[in-house]
Amino acid sequence: MTETLPMAGAPANVNLAGLSKNDYRGAPTTLCQGCGHNSISNQIVTALYEMNIVPENVVKFSGIGCSSKSPTYFLNRSFGFNSLHGRMPSIATGALFGDQRLKGIGVSGDGDSASIGMGQFKHIMRRNVNMVYIVENNGVYGLTKGQFSATAEKGLSLKKQGENPYMPIDICMEALVSNATFVARSFAGNPKQVKELLKAALSHDGIALLDIISPCVTFNNQVNAYHSYAWGKDHEEPLHEISYIAPRNEIMLENEMAEGEVREVAMHDGSYVILKNLEKGYDTSSRIEAMRVMEEAQRNAWMLTGLLYLDTSKPNLTSIYNLVDTPLNRLTEADLRPAPETIDRVNALMF
Amino acid sequence: MNKVINDFSITVGTVNGSGSSTANNTILRAIFKMGIPVSGKNLFPSNIQGLPTWYTIRANKDGFIAHHEKRDIVIAMNPNSFARDLASVASGGAFFYADDIKLSITRDDIAVYPMPVKTIIRNDPNVPADFRDLVGNMVYVGVLAHMIGLDMEKIYSALDFHFKKKQKPIDMNFNVVKAGVEWAKINLEKKDPFHLEPMDKTEGMIMADGNMAGALGSIFGGVQFVGWYPITPATSLAESLNDYLPQLRKREDGKHTYAVVQAEDELAALGMSIGAGWAGLRSMTSTSGPGLSLMTEFAGLAYYAEVPVVIWDVQRIGPSTGLPTRTSQGDLTFTYFIGHGDSQSVILLPGDVYECFEFGWKAFDIAERIQTPVFVLSDLDMGMNQWISKPFQYPDTPMDRGKVLVESDIEELKGNWGRYLDKDGDGIGYRTFPGNKHPLSSYLTRGTGHDEYAKYTEEAEMYLKNMDRLKKKHETAKHYVPAPVLHGMKGATVGILAYGSTEAAILEAQHQLEKEHGLKTDFLRVRALPCTKEVDAFLAKYDQIFIVEMNRDGQMAQILMTEYPQYAPNFKVVAYGDGMPASAKWVREGILAKYKAKKIVKKVAAKTAPAKKKPAARKAVSAKKPSAKKVTTKAVAGPKSKMKRK
């Protein structure tokens, strides 16, 4: 039990909360080297550190899958609940009633949210639960060794799976039609944008959906429809056996993208993803506009990144319930058990 | 003709959705207010409007108010069930029917009374045309009132209560009742033996359904979070919470100390409730069989991650969708072993509406003490029907919030604590809640393998240690769950063991077995799983134990056979489930069919149970000390004695 103790000696750099970056870190990751998820965990640490948010004011949530393991790898000092496959939303919804001052950070995956958990995903959006909902989206099931997820493109082919015959689900579109109040998409290889969007999401009072394309270095290594073309790659020759995970470097953008810029980014397998930044002057308050640009991006096979939609006018879930100022989990018997004389009133009603 | 006083049944056959419940409840409440023990059971279809539905009322001067098959008085308001209703009347009974039903009367062994329901209601200028069908039901209340002697004052107070003192609907309905009385006075001649006479047996009693009682109990237990999803027959439990929470937990600042969230399905309902329970709230959900099936994975998580939560299962009959509006005790084994992998549940088994209230608040204490899901198994009969009860009692113990560490505790421990460390040797660890500001208070809860500090591990040794501790915790639970209730008879030679809503039927059967068959029985009503030491003692005491339950396979018997293999040869399973509430008839006949006269039993027992001597030597402990003198059935079964029981 020494793991969460503060680091020995005075840290060199502390933020306004008096905490060092180490106070925001978690256990060492057990995900594959080069996995985009690790980069996202690092940005969560940085964003919270830079925003001077005390870890005790944050609760972590996840479901099941590679992405859902990651809450162990950041914010050791925060409470966390690694729940069931596809069921993170309901756990988070209930837990955040415990203390309405807490901010939730949930990490889910495309399998966890868009397949088994689609029902709960949509309902947590419409309930506007006060949390950042990150989907680490790689189009593939990693822990079960490489099956298609619901966000995988039609025509994508994966080892042992053949070709995906189904149209994909767009997580941002689903969030938007479910009346989410903050919808954004980013790319794990664009850490600066991930961090900025995380900060925006953490500042949002309500549900903040962040769909982060996070390439799977191990299983989703074939050309797919998100990728515009394959380049210099021999499909017939497997890069590695399924049981052997080749160490790779994480994909990072070389320099920042300008507003409206379209850029091709090489993937682990040599294929490309086309990123498009939202245009300057894009109106984040318009649902119609958000729908239009997403539809346009789909037709052009662009991964549209940035803040797609923001509505700050809706109350978050616990506010709707008009709760007492004291956190519910600090209330005592005196607050919770009706007075003895009320029992007679109750019995008088029983007829 | 010999009068039959305060001992008969009334069955009303109507069309579902025709608004007869106000009329039926009025009859029920009026009889109750006359001081006569009474029960009302709604035998309804899974339908909103159109299908036949029945409401049965049983008045019984001796306090036997279980479901009774014999139909003494039948009121037929539904042409579609007319023939069936007519055929169902017991010989010598009475048959009232709406005379617009033009079907022939084929019986001459019963009293038959046609009622001009439509004519009477059309002639009442105060009833608007679109209210005629609804209020028309009050005609049969009036006709019946005159014929059997229902007190008009009591009918008025029933309507006054039902319409919450709103004068207009009270008057409209009461005037139609009076019109029914007037018509009957002039036109009908009494040809049946059934009469009501005032008694004093319900004085100080209340009438409630189990779902409302459970909701109220939960409120007095300080419920803070409810995640739920509508399902018959559990819906009215959550709706009662919505009704009563604003009244009973009202604050001057108008703010709330609770939240009730209707979830998108049962998975989310329990998921939210577990989230809230984990975060330190008194949290619950309510459902029925199909919902519980959906909740299974989450129940396993709560067991393994040790999250307190209360889960009400108002049982209906399965498998699958089954008969959604019929009662059952069919979820017991499922609940006891719910979830994949090794798991055992803590289950409370209320036997009446009083206990629905009591277990409503106690369930939270037990869940937070043991840090595990606590299931409360009610059923449709108890949950949705009106039962006489002694008044609900204010909780007699302060809230037990279990083992919780706050900031100062963590500081004192210098952060040296582990969520799943068994410091006290009872298998129960200490927990902290999100929102605790101490930097060393947090942990990450998981459904995956974990060590004593909640860290992920797949180590075999750690896994086993954890599972052994959970087993120990289950043993600890025995000290916190309610002990069984014993209805003893002096000189009893066999035991009856049962649970839940069958109590009323079994008490009546116990009386009949003694009176008509000379068979004296001790009846132990188990109120929780795991079994407490009182159950051990009871099972050791008899060489014939009848385990009575409302299901096909004898689920309590299955559990007891596993837990007490040494007594298994003595178990005689009386299990029956057709969706109808338990009746004395099936209990009595079921027991008699399996009962073996003493001599034969001894021989069999000697052969099959050689280990018998040992348990017999154990001291038999009664759950509740049986009264020294012979307990007459009246005293055991009567509502007044019920009041004394606890």
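Strand E13 (residues 309-317) of chain B is mostly covered, since nine of its nine residues count as buried in this predicted model. On one side of E13(B) lie B:Val309, B:Ile311, B:Asp313, B:Gln315 and B:Ile317, on the other lie B:Val310, B:Trp312, B:Val314 and B:Arg316, and both faces are covered. Strand E12 (residues 283-287) of chain B runs parallel to E13(B) and is joined to it by four bridges, with B:Thr285 standing opposite B:Ile311.

**Strand E1 of chain A**

- Five of the five residues of E1(A) are buried, so this strand is largely enclosed by the rest of the structure.
- From E1(A), the residues A:Val58, A:Lys60 and A:Ser62 point one way while A:Val59 and A:Phe61 point the other way, and all of them are buried.
- E1(A) pairs with E3(A) in the parallel sense over five bridges, and within that pairing the bridge partner of A:Val58 in E3(A) is A:Lys103.
- E1(A) is also joined to E2(A), which runs parallel to it, by four bridges, and here A:Phe61 has A:Phe81 of E2(A) as its bridge partner.

**Helix H1 of chain A**

- Helix H1 (residues 36-50) of chain A has 15 residues and reaches 21 Å from its first C-alpha to its last, which is close to the 21 Å expected at 1.5 Å a residue.
- H1(A) is mostly covered, with eleven of its 15 residues buried, including A:Ile40, A:Ile44, A:Val45, A:Leu48 and A:Tyr49.
- The buried residues of H1(A) pack against several elements of chain A, among them strand E1 (58-62), strand E3 (103-109), strand E4 (131-137) and helix H7 (191-203).
- After H1(A) comes A:Asn52, a residue whose phi is positive, near 60°.

**Chain A as a whole**

- Chain A has eleven helices and 13 strands, and buried residues make up 51% of its 351 residues.
- If one takes the contacts in chain A between residues at least 6 apart in sequence, 72% of them join residues at least 24 apart.

**Where chains A and B meet**

- The contact between the two chains takes 61 residues from chain B and 50 residues from chain A.
- On the side of chain B that touches chain A, the elements that give two or more residues include helix H7 (210-220), helix H9 (266-278), helix H10 (289-305) and strand E18 (444-446) of chain B, and H9(B) gives the most, with nine residues.
- The residues on this side of chain B divide into 35 nonpolar, 18 polar and eight charged.
- Strand E2 (residues 79-82) of chain A pairs with E18(B) in the parallel sense over three bridges, and B:Leu444 in E18(B) is the bridge partner of A:Gly80.

**Nonpolar cores**

- In soluble globular proteins, nonpolar side chains tend to be buried together.
- The largest nonpolar core has 267 residues, and those that touch the most other members are A:Leu209, A:Leu210, B:Ile31, B:Phe95, B:Tyr140, B:Leu144 and B:Ile547.
- Helix H12 (residues 353-370) of chain B gives the most to this core, with eleven residues.
- Not counting residues up to four places away in sequence, B:Phe95 touches B:Val74, B:Ala76, B:Leu86, B:Val89, B:Ile110, B:Ala111, B:Val112 and B:Tyr113.
- A second, separate core of eleven residues includes A:Cys66, A:Leu156, A:Leu158 and A:Val217.

**Domains of chain B**

- Chain B is divided into domain 1 (4-195), domain 2 (208-389), domain 3 (403-481) and domain 4 (485-645).
- The contact between domains 2 and 4 of chain B takes 20 residues from domain 2 and 21 residues from domain 4.
- The side of domain 2 that touches domain 4 has ten nonpolar, six polar and four charged residues.

**The loop residue B:Gly339**

- B:Gly339 lies in the loop between H11 and E15 of chain B, and because 19 other C-beta atoms lie within 10 Å, it counts as partly exposed.
- Leaving aside its neighbours within four places in sequence, B:Gly339 is in contact with B:Thr296, B:Ala299, B:Gly300 and B:Tyr303.
- The C-alpha atoms of B:Gly339 and B:Val526 are separated by 23 Å, and these two residues are 187 residues apart along the chain.

Note on methods
Residues numbered from 1 in each chain as written. Chains lettered and ligands numbered in written order. Predicted model: local features only at pLDDT ≥ 70, side-chain atom pairs only at ≥ 80, totals over all residues. Contact = placed C-beta atoms within 7 Å. Nonpolar A, V, L, I, M, F, W, Y, C, P; charged D, E, K, R; others polar. Pairing = 2+ DSSP bridges. Core = buried A, V, L, I, M, F, W, Y, C linked by C-beta atoms within 7 Å. Buried ≥ 20, exposed ≤ 12 C-beta atoms within 10 Å, placed from the backbone. Expected span 1.5 Å × (residues − 1). Domains from an automatic or database assignment.
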